[in-house]
Amino acid sequence: MDLTKDKPRTDCYFVIFGISGSGKTLIGQMLAQRLGIDFIEGDDYHPQANINKMKSGHALNDQDRAPWLKLLEQEIELRVKEKKPFVLSCSALRLVYRDALRKGGAIRFLFLEVAEDVVAERLKLRTGHFMPASLLHSQSLTLEKPTSKETDVVSINAAQKPGDVVAEIIRKTT
């Protein structure tokens, strides 16, 4: 798959994941624009109850996430079936969450790997997002880093400048 050309792609189905503040939205938008494909903000699929829970400083549990993940799985399935390429942002912190998304079709995961202290500094500058910085540590504790058994996952150093992160994704997924 040649991702170096700035022309629309028809064979790219990416889920970009990591902890809150790792850059999922920014990098996902940049990558989608570079590839000429759709960007899907996974947070837009959260029910209001989940948003309210996070806003109040409480971490989501598996039961909270299940309907959200089902909606994302269905969106993936529809887009793969219709051959509509995308970059989808989703925390996908645990293997079971990534497995749920895999049910939607043949996708590739892009893991934005970055240290919690780097993300904490980023979150100090972020405004307008419902996820408070106080939940960062709970996200780090929930995160199950991908292992070599997850052959559809590409790990990306997300501590770099955004343009460099996108360049690394292009390099590693070509």
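**Aromatic pairs and the chain interior**

Analyst: Tyr13 is buried, and Phe86 is buried as well. Please note that this is a predicted model.

User: How many aromatic pairs are there in total?

Analyst: The count comes to three aromatic pairs. In one of them, the ring centres of Tyr13 and Phe86 are 5.6 Å apart with their planes at 55°, so this pair is tilted; the tilted class lies between under 30 degrees for stacked and over 60 for edge-to-face.

User: Where in the chain do Tyr13 and Phe86 sit?

Analyst: Tyr13 is in strand S1 and Phe86 is in strand S3, which covers residues 86-89. The two are 73 residues apart, and the pair links distant parts of the chain.

User: What about Phe17 and Phe109?

Analyst: Phe17 and Phe109 make an edge-to-face pair, with 5.8 Å from centre to centre and 90° between the planes. Phe17 belongs to strand S1 and Phe109 to strand S4, so their pairing ties together parts 92 residues apart in sequence.

User: Is Phe17 buried or exposed? And is Phe109 buried or exposed?

Analyst: Phe17 has a relative accessible area of 0% and is buried. Phe109 is likewise at 0% relative accessibility, so Phe109 counts as buried, because the cut-off for buried is under 20%.

User: Which residues form the aromatic cluster?

Analyst: Phe17, Phe109 and Phe111 form one aromatic cluster.

User: Changing topic: which residue lies over the face of Tyr97?

Analyst: That is Arg94, at 5.4 Å from the ring centre of Tyr97.

User: Finally, the overall picture. In what order do the elements run?

Analyst: The chain has seven helices and five strands. Starting at the N terminus, the order is β-α-β-α-α-β-α-β-α-α-β-α.

User: How much of the chain is buried, and what share of the contacts is between residues 24 or more positions apart?

Analyst: Of the 174 residues, 45% are buried. Among contacts with a separation of 6 or more, 74% are between residues 24 or more positions apart.

User: And the accessible surface?

Analyst: The accessible surface is about 8,800 Å², and carbon and sulfur atoms account for 53% of that surface.

Notes
Residues numbered from 1 in each chain as written. Predicted model: local features only at pLDDT ≥ 70, side-chain atom pairs only at ≥ 80, totals over all residues. Heavy atoms only, no water. Helix = DSSP H or I, 4+ residues; strand = E, 2+ residues; numbered from the N terminus. Buried < 20%, exposed > 50% of the residue type's maximum accessible area, 1.4 Å probe, protein only. Contact = heavy atoms within 4.5 Å. Areas by Shrake-Rupley, 256 points an atom, 1.4 Å probe, with all protein chains shown as cover. Phe/Tyr/Trp six-rings, centres within 6.5 Å; stacked < 30°, edge-to-face > 60°. Lys NZ or Arg CZ within 6 Å of the ring centre and 35° of its normal.
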